Amino acid sequence: MALLWCLQAEGISSIRDNLSNGISIGYIKAGSADAMSLTWRPDLKWGAWGLGVDVNMPIGNVRPDGYESLVLRHIEYDDGLKGLRYGVLEGITWGHGLLVKNYSTRVAGPLILNNNQTGIKGYYTFDKVQVQALGTWSHLYGGRITEKVHPMLTLGQGYISNTSQAGIQLDAAVPLPLGFNGYAEYAQLMNNGQGSSIGVDWGFDALAFVTKFDMGYRMMSSRFAPGYFNADLEIDPTNLASLGASSRNGYFAELTALAGSYLNLIALYESYQGSNTAVTAQLDSKPREDLLLSAYYKQPNFVDFTALSFEQGAILGAKVGYKVNPFTMMIAHFKKAYDPSVAKVVESQWYEVAFSF
């Protein structure tokens, strides 16, 4: 059980409106260790440059596992045509996710962010070509090239690897009538299986309301798992050797909807032959100005892929916030998931009172 009581005071000062500050003081309980910590979180944004750090100062002599005094959350340069970022990496997807799907460096690691939960990524855009590359402290490395070879055809190709597995991906996309796009993907996990998919996506953007729908059919050989390089790669990688000799074909559908500050929904449904249905969902809602609700659930319930139990990948989380007055909000967080650093399932709660000025 990890318990964090946090009283947070956030103030925004500015140097030409470019610097913001956050200060928090909290109590952390992880296993048998108890600690108090004071944290300063400055963020600087100056044109194409950005910088964010956490300065952690323990109160007392006890430090939780993974606690570091200085954490570089991000330093980056991005002018829209080229960019380079060092820090926490999140939401990395190639094509439509057959090989790389929502990879993140944040999932594995302690309750408080440390420097091992970071990486570096960059991109450079030529005339009709974009080159991307990434690397992390967990020894994940990859590169991708996307090329618009014709107004009606965009091609992508990439390579990615870590200490135990490597993969390649090829994909193509074409515009269709009524705002739809058609696509095809192929991926190969080296010395293991291969998969391909065909599908369509559709998007709608009307100021405060944005929605995107993606659905398709996948054909996968034995020893291949869709989205192998995903957010759970660092804590629960798929055991490819357990997939057996049978191929798996099936359907998937994903919906993303954003309605201003009132609703943010992401839902993914997958159903393949020889496997149970898998569901992932995240909902952030603000039904009233003084109320914030957030919940997410991941159920990677594939037979042979991974199990439903929290020990093997299921994750549940929630957040409830209530605005007492224009300057004060009370927030309660909950998460239940497997923590590889202690090799067991951990339930975490974090209660905070936040002040804004």
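Me: Which residue stands opposite Phe-180 in β15?
Reply: A word on the model before we start: it is predicted, local features need pLDDT of at least 70, side-chain atom pairs count only at pLDDT 80 or more, and totals for chains, interfaces and linings use all residues. Residues are numbered from 1 along each chain as its sequence is written, and side-chain values use heavy atoms, leaving out hydrogens and water. Strands (DSSP E runs of at least two residues, numbered from the N terminus) β14, residues 180–189, and β15, residues 194–206, pair in the antiparallel sense over nine bridges; strands pair if DSSP finds at least two bridges between them. Opposite Phe-180 stands Trp-202.

Me: What is the bridge partner of Gly-195 in β16?
Reply: β15 also pairs with β16, residues 209–220, in the antiparallel sense, over 12 bridges. Two residues lie between these strands in their hairpin, where Leu-207 has a positive phi near 55°. Gly-195 has as its bridge partner Met-220.

Me: Is Asn-61 buried or exposed?
Reply: Asn-61 lies in the loop between β5 (49–59) and β6 (70–78). Buried means under 20% relative accessible area, exposed over 50%, and partly exposed in between, with a 1.4 Å probe and protein chains only. Because its relative accessible area is 82%, Asn-61 is exposed.

Me: How far apart in space are Asn-61 and Ala-35, C-alpha to C-alpha?
Reply: In sequence, Asn-61 and Ala-35 are 26 residues apart. In space, their C-alpha to C-alpha distance is 8.2 Å.

Technical notes:
Helix = DSSP H or I, 4+ residues; strand = E, 2+ residues; numbered from the N terminus.
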